[in-house]
Amino acid sequence: VGKKIQAIYLWWHKPVIDKELLQSLPNLKVIANSGVGMDHLDLKLIASFGVKMANAPRAVSSTTADTGMALLLASARRLVEVHNISISPSMDYCEADILGVKVAGATLGIIGMGRIGYKIAVRAKAFEMNILYHNRTQRKVQEEQAVGATYCKKIDSLLQQADFVMLVVSLTPQTHKLIGKRELELMKPTATLINISRGAVVDQEALVAALQTGVIRAAALDVTSPEPLPRDHALLKLKNVIITPHLGIKTDKATYMITEEAVENILAALNGLPLPSEVLPS
């Protein structure tokens with residue numbers, strides 16, 4: 001059936017798109033991805049076969065922003081720890097041991113102020129947070145003013161000031177291990193790192209050491225490298241870490257919207273129309 005296939009809808013990186021598959025599908029016109037991140041695809045290889053690519057940014061941005069804020073709040077108020085205390089047989093605890101940190105008035109540093117990053121800023125404003133952001137390009141003044149965000153041209157400045165650092169960047173060669181030992185040591189010892197982008201954006205060995213030695217207060221991770229982590233990984237044994245299994249887009253409505261957006265892109269490609277969410281190789 002290889003000659004009949006004109007479109008592929010990728011769900012959770014399946015099927016694997018490699019040279020062998022592309023060679024077996026001579027009439028393939030488009031690959032639609034169920035999400036925003038395209039780091040699992042060789043965009044230049046796919047383009048060399050004359051195949052167009054699309055992702056689903058409209059469908060996933062709000063849901064992923066919700067996940068980021070949920071992790072921030074859960075870490076700040078230590079919800080996993082206090083839940084475990086609340087269901088324990090003894091309910092034996094000291095109030096001083098479960099003190100969280102205040103979110104209102106705290107400074108949130110957003111690294112990656114694209115569609116998702118901006119929606120996080122909108123939510124953070126509602127929580128009365130001060131917002132800093134670092135991005136390849138500065139947002140328009142009106143957009144900054146709408147959420148009260150201040151641009152940091154250098155990432156170091158953001159890391160030194162933020163109480164919460166939220167990673168919302170795409171995984172590229174430039175962002176691989178963007179946050180390592182040096183960057184973690186620039187952060188406040190009371191700061192929390194939140195990663196909703198890709199696990200490889202953070203040097204996990206450096207993060208483990210920083211969490212064990214008090215270089216930073218805590219981490220909340222929706223992504224790791226690999227996923228899932230080996231069951232004996234040090235991150236799984238630390239009390240000051242919350243890990244979720246890449247929940248970013250996993251809601252019933254978002255899943256439906258992702259499929260709608262993928263179908264929209266596929267139909268556009270098959271009818272020779274511009275793709276609403278086309279992704280070009282860099």
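**Sheets and helix packing in the predicted model**

Helices (H or I, at least four residues) and strands (E, at least two) are DSSP runs, numbered from the N terminus. Lying across is judged by contact, meaning heavy atoms within 4.5 Å. Axes are lines fitted to C-alpha atoms, for helices over the stretch in contact, and angles run from 0 to 180 degrees between N-to-C directions. The structure is a predicted model, in which local features need pLDDT of at least 70 and side-chain atom pairs count only at pLDDT 80 or more, while totals for chains, interfaces and linings use all residues. Residues are numbered from 1 along each chain as its sequence is written, and side-chain values use heavy atoms, with hydrogens and water left out.

Two strands are taken to pair if DSSP finds at least two bridges between them. Strand S2 (residues 30-33) runs parallel to S3 and is joined to S3 by three bridges; Ala32 stands opposite Ala54 in S3.

H10 (residues 252-270) also packs against helix H3, at an angle of about 160° and with the axes 8 Å apart. The two helices, H3 and H10, are therefore roughly antiparallel to each other (angles under 35 degrees count as roughly parallel, over 145 as roughly antiparallel, 65 to 115 as roughly perpendicular and the rest as oblique). Their crossing, that of H3 and H10, is left-handed; a crossing is left-handed if the near helix is turned anticlockwise from the far one by less than a right angle, and right-handed if clockwise. From H3, the residues Pro57, Arg58, Ala59, Val60 and Thr63 meet Ala254, Met257, Ile258, Glu261 and Glu264 of H10. The residues of this contact divide into six nonpolar, one polar and three charged, where Ala, Val, Leu, Ile, Met, Phe, Trp, Tyr, Cys and Pro count as nonpolar, Asp, Glu, Lys and Arg as charged, and the others, Gly among them, as polar.

Helix H3 (residues 57-76) has a further partner in helix H5 (residues 115-126): their axes come within 8 Å and cross at roughly 45°. That angle makes H3 oblique to H5. In this case H3 passes H5 in a right-handed crossing. Pro57, Arg58, Ser61, Ser62, Thr64, Ala65, Asp66 and Met69 in H3 are in contact with Arg115, Ile116, Lys119, Ile120, Arg123 and Ala124 in H5. Six nonpolar, three polar and five charged residues make up the contact of H3 with H5.

H5 in turn lies across strand S4 (107-111), strand S5 (130-134) and strand S7 (164-167), and runs at about 170° to S4. These strands belong to an open sheet of seven, ordered S6-S5-S4-S7-S8-S9-S10, in which the pairing is parallel. Its edges are strand S6 (149-151) and strand S10 (241-243), each of which pairs on one side only. Strand S9 (residues 218-221) pairs with S10 in the parallel sense over three bridges, and Ala220 has Ile242 in S10 as its bridge partner.

In the loop between S9 and S10, which holds Pro226, a cis peptide bond joins Ser225 and Pro226, with omega about 0°. Pro228 lies in the loop between S9 and S10 as well, and a cis peptide bond with omega of about -5° joins Glu227 and Pro228. Arg78, although not a glycine, has a positive phi of about 55° and is found in the loop between H3 and helix H4 (79-86). Glu128, also not a glycine, has a positive phi of about 60° and is placed in the loop between H5 and S5.

Two annotated regions may be set against this description. The unreviewed UniProt entry assigns "domain: D-isomer specific 2-hydroxyacid dehydrogenase catalytic" to residues 10-279, over which the chain is 37% helix and 13% strand, with end C-alpha atoms 14 Å apart. UniProt also places "domain: D-isomer specific 2-hydroxyacid dehydrogenase NAD-binding" (unreviewed entry) at residues 69-248; the chain there is 32% helix and 16% strand, and the end C-alpha atoms are 11 Å apart. UniProt positions are given in the numbering used here, feature names are shortened, and annotations may be inferred rather than shown by experiment.
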